[in-house]
Amino acid sequence: MLLGLWTQGSAAGAAGDAREFINVERLTPRVMVAHWVGMDRWCNLTAIRTTKGLVIIDTEMSPRTMAPIKELFEHAFGRSNWVYVINTHAHDTHAGGNSLFEGATIVGHDNLAEDMQWIIRRQTEPAWRNRDLDRADHYMQTLQAGLPQVAAHSAAEARSVRAEHKFWELHTQDLREGYPVVKPSLTFSNHCTLDLGDVQVHVVFFGKGH
């Protein structure tokens, strides 16, 4: 785990005005998916309600980008007792917000802890961190400059641009301040079954992939 200046309240405070940019869909009474609107931002995060608590599959890029999705899930289910976080792989858009789920067991493949090390290096190696911040700042400036033209053409596209800008605004704030990177505490090589009372979740490793 990497500890920075980040506090859990920071992410909670960021969630409010970002919720308008989250699409949430209820697939069944117990399963929901959500993603940021953004520009081609289709990282679907899945939440499952069980008698033993809530389970989430993947946790976005960093705590502040995960916070509004977590809040919407909790509001929809009327609960906040997260028991498991399942990370499918070590891209930051899938494992960067683990620290928001304090007390939950983080589940991942045996290779996940080592694969997640790059998220720590990005924060602790100044050249890498500064390069990513510069790229993000340039991208946000480009989005802001193009917004009036996009808004004149399409309200839906303008919403996507504003959502993308908000996403990177929150993520770069996390990157500037530093945030915890929480690695799995429950790992498996080929298969893992989580018994959640009324539901069994089977986690299967088919080989590395996105």
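Modeller: Let's take confidence, then a helix pair, then the pocket. This is a predicted model, where local features need pLDDT of at least 70, side-chain atom pairs count only at pLDDT 80 or more, and totals for chains, interfaces and linings use all residues. Residues are numbered from 1 along each chain as its sequence is written, and side-chain values use heavy atoms, with hydrogens and water left out.

Colleague: How do you know how confident the predictor is in the chain?

Modeller: pLDDT is the predictor's confidence in each residue, from 0 to 100. The chain averages 92, and 92% of the residues score at least 70. Residues 1-6 are below 50.

Colleague: Why is H2 called oblique to H7?

Modeller: H2 (residues 63-77) and H7 (residues 155-177) pack at about 130°, with axes 7 Å apart. Angles under 35 degrees count as roughly parallel, over 145 as roughly antiparallel, 65 to 115 as roughly perpendicular and the rest as oblique. So H2 is oblique to H7.

Colleague: What makes a residue part of the lining of a pocket?

Modeller: On a 1 Å grid over the protein atoms alone, a pocket is an open set of points where a 1.4 Å probe fits, with protein on both sides within 12 Å along at least five of seven lines; lining residues have an atom within 4 Å of a point. In the largest pocket 23 residues line the space, with Asn87, Thr88, His89, Val204 and Phe205 nearest its centre. Strand E9 gives the most, 4 residues.

How values were computed. Helices (H or I, at least four residues) and strands (E, at least two) are DSSP runs, numbered from the N terminus. Contact means heavy atoms within 4.5 Å. Axes are lines fitted to C-alpha atoms, for helices over the stretch in contact, and angles run from 0 to 180 degrees between N-to-C directions.
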